[in-house]
Amino acid sequence: MNKGKKRKRDIDISIKEYTVIRFAGDSGDGIQLVGNQFANATAISGNVLSTLPDYPAEIRAPQGSIGGVSGFQIAFGDDKVMNPGNKADFLVVMNPAALKVNLKYLDKGSVIIANSGNFTEENLKKAGYTSNPLEDGSLSNYRVISVDVNSLVEETLSESPLTKAEKLKTKNFFMLGLLYWMFDLPVDITAQWIDKKFAKKPEIAEANKKVLYAGYNYAENTEIFDAKYKIEKGNLEPGIYHNITGNEAVCYALITASRKLKRKCYYGSYPITPASEILHTFSKLASKNVVVFQAEDEIAAICSSIGASFAGCLSATGTSGPGLSLKTEALGLAVISELPLVVIDVQRGGPSTGLPTKTEQSDLFISLFGRHGDCPVVVLAAFSPSDCFYTVYEAARIAVKYMTPVIVLTSAYIAQGSQPLRIPREEELKDFEITNLPLPHEFKPYLRDEKTLSRPWAYPPLKGYQHRIGGLEKLHIEGNISYDPENHQIMTNLRREKIKRVSLEIPPTEIYGDRKSDILILGWGSTYGAIKSAIIESIKENIAVNGVVLKYLNPLPPDLGDILSKYKKIYVVEENDGQMAFVLRANYKNANIISKTKVCGQPYTKEEILKIIQSEK
Amino acid sequence: MTKLTPADFSSNLPIKWCPGCGNYAIITAVKRVMAELEIEHEKYVVVSGIGCSSRFPYYVNVYGYHTIHGRAIAVATGVKLSNPELMVFVVTGDGDALSIGGNHLIHGIRRNIGLKVLMFNNRIYALTKGQASPTTLFGAKTKTTPQGNFDYPFNPVSLAINLGAPFVARSIDSDINLTSSVIFEAAKNEGFAFVEILQKCVVFTDKEFDVFKNIDTKDDFVVRIENNKPMIFGKNKNKAIVLKGFTPVVVEFDPSNPPSDLTIYDSSNIHMASIISSLMPPEFPLPVGILYKINKKSYEKIFYENVGEDTGSIESILKDNSYEIK
């Protein structure tokens with residue numbers, strides 16, 4: 001084994017604007033943990049970053065098997081980083097199956113760092129290799145760095161009281177140490193994290209730390225590591241940052257919104273992939289002011305949230321596609337009751353159980369139309385993990401101001417991916433506006449604010465405001481049951497008009513690409529990163545193209561019609577079978593909408609958007 | 001606080017139940033309880049689902065929410081959990097609570113959320129005009145069971161007791177005193193309370209409960225269950241239910257000289273409650289009254305006892321995992 005010699009040596013240092021690393025290994029190898037630690041280290045170093053986990057639907061697929069490969073991708077660097085990237089520049093593999101599955105994410109010339117200790121005959125066979133790719137020349141188009149991490153770890157821990165299996169479990173930290181050296185990232189942060197994480201098991205903590213530093217030192221002292229990479233930092237606004245997943249951001253936004261509103265926060269939910277982390281995050285933070293409820297089913301989850309809203313809380317529920325289907329009847333109740341409610345839908349591949357861990361944008365139709373009766377709700381879509389915070393905060397604000405349910409569409413891609421969020425101070429955030437509550441003797445449940453058309457939010461036990469609401473049609477102003485035909489027309493008009501007025505909240509639509517063009521790339525929600533970075537890259541290559549990414553899906557931005565009328569061709573890019581294209585064609589009859597779709601469970605990449613743009617040249 | 005009267009709970013809306021409907025008697029009993037409980041008027045909330053019974057909130061002038069079919073318990077759970085100081089009644093029917101809302105009922109009981117569930121059992125889907133419900137008796141003819149019902153019915157109180165509800169009672173619409181006394185006790189008991197009230201539907205099940213009401217038959221067909229008392233019934237108080245081991249039997253005796261070894265009902269004994277609540281005519285009289293009553297900490301109480309005072313701002317939550325960019 002090459003132990004390396006301590007001597008000064010020439011190390012080539014390359015400077016890169018940004019880079020993409022993909023970690024892959026067995027689902028038991030701690031890949032997500034290593035990925036997250038690496039992400040934190042880059043964040044602390046001032047890089048802009050974006051991450052994406054990619055793990056199998058099964059909890060523990062057979063060890064070493066293709067089906068059990070877990071992945072984690074991170075892009076980090078300067079401000080051009082807007083999503084986790086497509087192809088990786090570095091692939092870190094812990095076993096042969098991980099290499100087999102992930103080689104397709106590498107361009108030729110990229111770097112593979114492999115734990116050769118796991119390339120045993122048995123593991124090679126499980127991955128379907130007949131010979132060892134690290135040795136047979138089949139990877140000659142890549143730069144391969146093989147390190148027998150297993151032996152190095154055993155050697156490092158030769159005096160540790162841990163069992164062999166326990167020792168081998170630390171190998172991911174060895175790899176992490178190597179990478180920290182390669183990318184000139186701080187090791188100590190992870191060491192501190194290990195101390196905290198394993199506070200109750202000091203011997204495990206000690207071993208992990210020892211191995212982490214051993215990995216770092218091994219790279220420092222071994223000739224096979226002859227290149228270091230300096231990755232540019234981002235131009236980040238000064239402030240306190242936290243590396244946040246979209247799902248975590250949803251939770252923090254709702255808690256922040258409830259504090260701003262000075263009401264209790266209520267989150268009722270039912271476990272479903274990939275939305276469960278919202279519930280997990282909430283559960284850890286439950287308090288007298290943050291009520292968290294794991295319901296018996298999706299229906300009970302939304303119904304309990306509606307009940308909490310009736311009782312005056314800032315209330316929300318979260319789910320993914322199949323759960324949204326189950327919640328639709330109750331959403332209708334929230335619409336006719338005119339109660340504020342935030343509904344988070346973390347979109348995944350559908351229909352039915354579909355692709356539970358894979359991303360899609362195919363719940364647009366159900367969000368806009370998926371209820372019986374004329375039943376409009378506000379629909380917003382979040383752009384990125386950190387934008388989930390702002391979009392959900394905005395959803396809560398609109399829900400309260402207009403006394404309406406608001407659906408927020410995120411997706412598996414941004415819900416699980418992470419990004420640094422500058423934590424806003426509460427005073428920086430927009431204030432909540434609540435419809436004026438008249439004096440008790442003047443109060444009527446469906447008396448409306450002239451501007452917003454929203455009704456007052458009176459709730460038990462406010463004295464003097466006792467009233468009844470429900471799912472039957474309400475008499476205009478009075479709120480009693482009414483079967484009167486004209487009243488139903490009035491109420492239908494009011495419900496429609498109220499949602500229309502939410503367009504007053506929508507800022508002017510931002511158009512990416514400063515040079516005028518006849519071509520518009522239009523997307524919505526989580527394709528933001530791919531579209532914006534493709535537009536920026538096109539501009540660099542002197543190709544004139546514009547881009548728009550929609551956040552407000554119902555109502556649509558009031559300026560959108562004007563914008564669309566200025567383009568000869570509008571490519572609507574979305575991860576479904578053409579739902580937004582359908583909506584835009586229905587709303588803007590003269591717009592030349594060209595639908596571009598992708599439904600592979602994978603997000604649109606910058607390269608794919610560039611291809612659409614280049615097809616126009 | 002000022003003393004409230006039943007009239008303080010009347011809403012100004014015209015009641016639209018059929019003339020003669022059992023619900024009129026039940027609403028009288030509920031208003032009486034609301035006046036007696038010494039709870040501020042604005043702390044009452046009535047949540048209902050769908051069905052004739054579920055129109056109830058419109059007819060009492062407290063905070064009320066008429067929700068959707070089967071979901072009253074789910075909505076009410078959010079009300080109660082978000083503000084435990086509210087007195088939350090759920091008014092539901094046999095179809096609403098046991099069929100479409102069955103999941104919420106069993107889980108509401110399992111977690112012991114502090115709702116007072118009043119289930120009006122008329123053994124029929126009345127609002128939808130006469131289909132068999134989960135309590136329609138086996139063999140009964142309805143619009144959907146012209147050959148006679150093929151389905152076995154639930155015994156609602158037996159279901160609730162065996163699921164672990166800490167308070168379970170049964171009453172009959174015509175007995176306003178019994179209805180109000182069991183609802184009063186339900187409201188006073190911590191946690192989930194389940195009260196089944198047999199309720200006649202004048203259109204579809206008009207004669208359904210006559211044997212429990214007619215002067216000639218009621219004493220032989222109903223047994224009033226009371227804690228620490230023998231289960232005596234019969235026109236001449238000459239019969240009692242006794243337990244021989246796990247087997248309930250009816251014994252007859254000379255009322256002037258009742259046997260000394262009659263089984264004494266213990267409403268805190270789950271095994272006894274489980275056996276007695278399962279009894280049905282014609283083999284046995286129908287048990288009414290408080291069938292089961294224990295102390296059991298409610299879900300909301302456990303929740304608030306186990307969570308922190310305040311979550312705080314996200315700045316403070318994330319303090320340890322944040323970093324500063326200058």
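1. What distance separates the centres of domain 2 of chain A and domain 4 of chain A, taken over C-alpha atoms? In this predicted model, the separation of the two centres is 25 Å. The two domains belong to a division of chain A into domain 1 (12-231), domain 2 (243-428), domain 3 (440-505) and domain 4 (519-614).

2. The contact between these domains draws 24 residues from domain 2 of chain A and 21 residues from domain 4 of chain A. On the side of domain 2 that touches domain 4, at least two residues each come from strand S14 (355-359), helix H13 (364-369), strand S15 (378-381), strand S16 (405-411) and helix H15 (412-416) of chain A. S15(A) gives the most to that side, with 4 residues. By residue class, this side of domain 2 of chain A comprises 14 nonpolar, 8 polar and 2 charged residues.

3. Chain A as a whole contains 20 helices and 23 strands. Its radius of gyration is 27 Å, close to the 25 Å that the globule rule gives for 617 residues, so chain A is as compact as a globular protein of that length. Along the principal axes, the C-alpha atoms of chain A fill a box of roughly 90 × 60 × 45 Å. Of the 617 residues in chain A, 54% are buried. When contacts in chain A between residues at least 6 apart in sequence are considered, 76% join residues at least 24 apart.

4. Regarding confidence, the average pLDDT of chain A is 94, and 98% of the residues score at least 70. Residues 1-6 of chain A have a pLDDT below 50; this stretch has 8 contacts in the model beyond near neighbours in sequence.

5. Chain B has 10 helices and 12 strands. Its radius of gyration is 22 Å, which agrees with the value near 20 Å that a compact globule of 326 residues would have. The box filled by the C-alpha atoms of chain B, taken along the principal axes, is roughly 90 × 45 × 45 Å. Buried residues account for 49% of the 326 residues in chain B. Of the contacts in chain B with a separation of 6 or more, 66% are between residues 24 or more positions apart.

6. Turning to the interface between the chains, 55 residues of chain A are in contact with 47 residues of chain B. On the chain B side, two or more residues each are given by strand S2 (63-66), helix H2 (72-82), helix H4 (102-111), helix H10 (314-317) and strand S12 (323-325). The most is given by H2(B), with 8 residues. The residues on the side of chain B that touches chain A divide into 21 nonpolar, 17 polar and 9 charged.

7. Strand pairing also links the two chains: S2(B) and strand S18 (residues 468-470) of chain A run parallel and are joined by 3 bridges. Within this pairing, Gly470(A) has His66(B) as its bridge partner in S2(B).

8. A local feature of chain B concerns helix H5 (residues 156-163). Is H5(B) mostly covered or mostly uncovered? H5(B) is mostly covered, with 6 of its 8 residues buried. These buried residues are Pro156(B), Val157(B), Ser158(B), Leu159(B), Ala160(B) and Ile161(B). After H5(B) comes Gly164(B), with a positive phi near 105°.

Methods: Residues numbered from 1 in each chain as written. Chains lettered and ligands numbered in written order. Predicted model: local features only at pLDDT ≥ 70, side-chain atom pairs only at ≥ 80, totals over all residues. Rg over C-alpha atoms; globule rule 2.2 N^0.38 Å. Buried ≥ 20, exposed ≤ 12 C-beta atoms within 10 Å, placed from the backbone. Contact = placed C-beta atoms within 7 Å. Nonpolar A, V, L, I, M, F, W, Y, C, P; charged D, E, K, R; others polar. Pairing = 2+ DSSP bridges. pLDDT = per-residue confidence, 0-100. Domains from an automatic or database assignment.
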